[in-house]
Amino acid sequence: MPERPNSFLCRVLPYICIALFIGTCAFAHAQEPTQQQLLDEVRALRAEVKELRGQLTAQTQPSKEEQARAAADVMRDASLHGKMLDVEGFTAGHDQRGFIIQSTDGRFVLHPWFFIQVRDATNYREDGKHNGTEPDWQNGFEIRRAKLILDGNAVTPDLTYQIIWAVDRKTGLLSMEDAWARYHIPTTPFAVRAGQIRDPLDHEQLVFGTQTLGAERSLVDNLFLNGDGIVQGVSVGYGYDTESVIRSEVAFTDGFRSSNMNFQDFSTTNADWGAAGRVEWKATGNWQNYRDFTARGTTDNMLVFGAGVDYTEAGDTAQLLHVVDAQYERPGGLGLYAAYLGRAVRNNAGPIASNGGATGTKATADTYDATVRVTAGWAIGEHWEHFVRYEYINFDPAELPPTAGHRYLNSITLGSNYFFAGWRAKLTGEVTYLPQGSPVDEDGTNILANRGGNEVVVRVQFQFAI
């Protein structure tokens, strides 16, 4: 039987397909990379990535100098904000004065602070009870002073102010003490102050209550100068804003002891009017050391002489207070202060701690009181300062109460201070001895009237200011 035409193709076709398949696989296998080629490609890619990463780091990372500058800026900013809080052009923080709030340009400054004096006092009077026939002991704690103070400047550094509120140690009520504004006339040595001010009279009375050597001001200061000597009025000062060797201040006031009074005259208020003035001459040293009674930190000899006067009228009474004083300090811790104060009163009809005026028909007399104060201090190292103070008062007998047994007063005080942190934290211990006692009470100094026997006062006081 004859063969069909495609029988040959049918027989060879399978072999052709197998050959094509084998050839295709061989070609594909020949095109695939070897394992070594793959490893080489991976290494090349890693090298490229490393190079790109280095280029990126070099472009974004600062140099060592830039890093150092950035770190310094961060530390400076952190230090600034640790002390100062920036709020719309104002900063709040602290400096040598304490905590302050101020504008960045210094035109507005507010310095709020307070201080407290906690005292334990013991008084022994040999003839203190039963009409002077038996001894008397008194002891107790008191908050001798607690005050809140705001001071600073407004609008310009030449316009300064101070407001002080004090807590009454017997009632706990607040009352206003200093409250004044002062303007220094630019490019001149003159300044004008108005409000409730310290009478420009006596150096001890003008020194702030936290910066006295003793736990308490002198007996003379408390009896005759009303402690801080605050009056209402206006004053003109010279030389306090410069390095002048002479400083002075004169004031026209409502009279001595006129704090927190209205505009009316005596006898609605304590006085009709008054005038006062003080002048100081710096022979050597600097005025900064004259602001307190310690020689701690004094590096140059300082010697300052001062004199003051106050004239006050109250009804038919006229009082003339006059003071001369001197303060000396030297390196090594020695400090000396001495003062004479006299008081002349015409038609004196009031108690000693008054201007002498009285209402009614009480008999009057012209009187004169003479006083002396001398203080010496020795600063030892950073923390200790010892001191001694002597006071003498010759009272005019016409102004003493009938129960007074004598007219002379001698007072000797020995004491020591330990400064924990300067005036901000101070512990004071002192003993005051009055060999004839005191003819009058002055409980601000913890002294009580005694008919002539020995009197001893012991004070321990802690002072804290912030």
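Helices (H or I, at least four residues) and strands (E, at least two) are DSSP runs, numbered from the N terminus. This is a predicted model, in which local features need pLDDT of at least 70 and side-chain atom pairs count only at pLDDT 80 or more, while totals for chains, interfaces and linings use all residues. Residues are numbered from 1 along each chain as its sequence is written, and side-chain values use heavy atoms, with hydrogens and water left out.

Start inside. A cavity is a set of points, on a 1 Å grid over the protein atoms alone, where a 1.4 Å probe fits but cannot get out; lining residues have an atom within 4 Å of a point. The structure holds three cavities of 30 Å³ or more. The largest cavity has about 110 Å³ of space. Its lining includes Glu204, Phe293, Tyr337, Arg373 and Arg389. Strand S14 (365–380) and strand S15 (384–394) each supply at least two residues of that lining. By class, the lining of the largest cavity has four nonpolar, four polar and three charged residues. Here Ala, Val, Leu, Ile, Met, Phe, Trp, Tyr, Cys and Pro count as nonpolar, Asp, Glu, Lys and Arg as charged, and the others, Gly among them, as polar.

Now the pockets. A pocket is an open set of grid points with protein on both sides within 12 Å along at least five of seven lines. The largest pocket holds about 2100 Å³ of space. It is lined by 49 residues, and Gln162, Phe208, Gln211, Gln288 and Arg291 are the closest to its centre. Strand S5 (residues 156–167) gives the largest share of this lining, five residues. The lining of the largest pocket has 16 nonpolar, 16 polar and 17 charged residues.

The second largest pocket has a volume of about 1000 Å³. Of its 44 lining residues, Arg169, Asn222, Asn226, Gly227 and Glu442 lie nearest its centre.

Val458 counts as partly exposed because its relative accessibility is 33%, between the limits for buried (under 20%) and exposed (over 50%), with a 1.4 Å probe and protein chains only. Val458 belongs to a nonpolar patch that also includes Phe114, Leu148 and Phe420. S18 gives the most to this patch, with four residues.

Definitions and conventions
Patches are made of residues with over 30% relative accessible area and no salt bridge: like charges are joined within 9 Å, nonpolar side chains (Val, Leu, Ile, Met, Phe, Trp, Tyr) within 5 Å. Accessible areas come from the Shrake-Rupley method with a 1.4 Å probe; for residues, only the protein chains shown count as cover. A salt bridge is a side-chain nitrogen of Lys or Arg within 4 Å of a carboxyl oxygen of Asp or Glu. Grid points are joined across faces, edges and corners, and a volume is the space filled by probe spheres set on the points.
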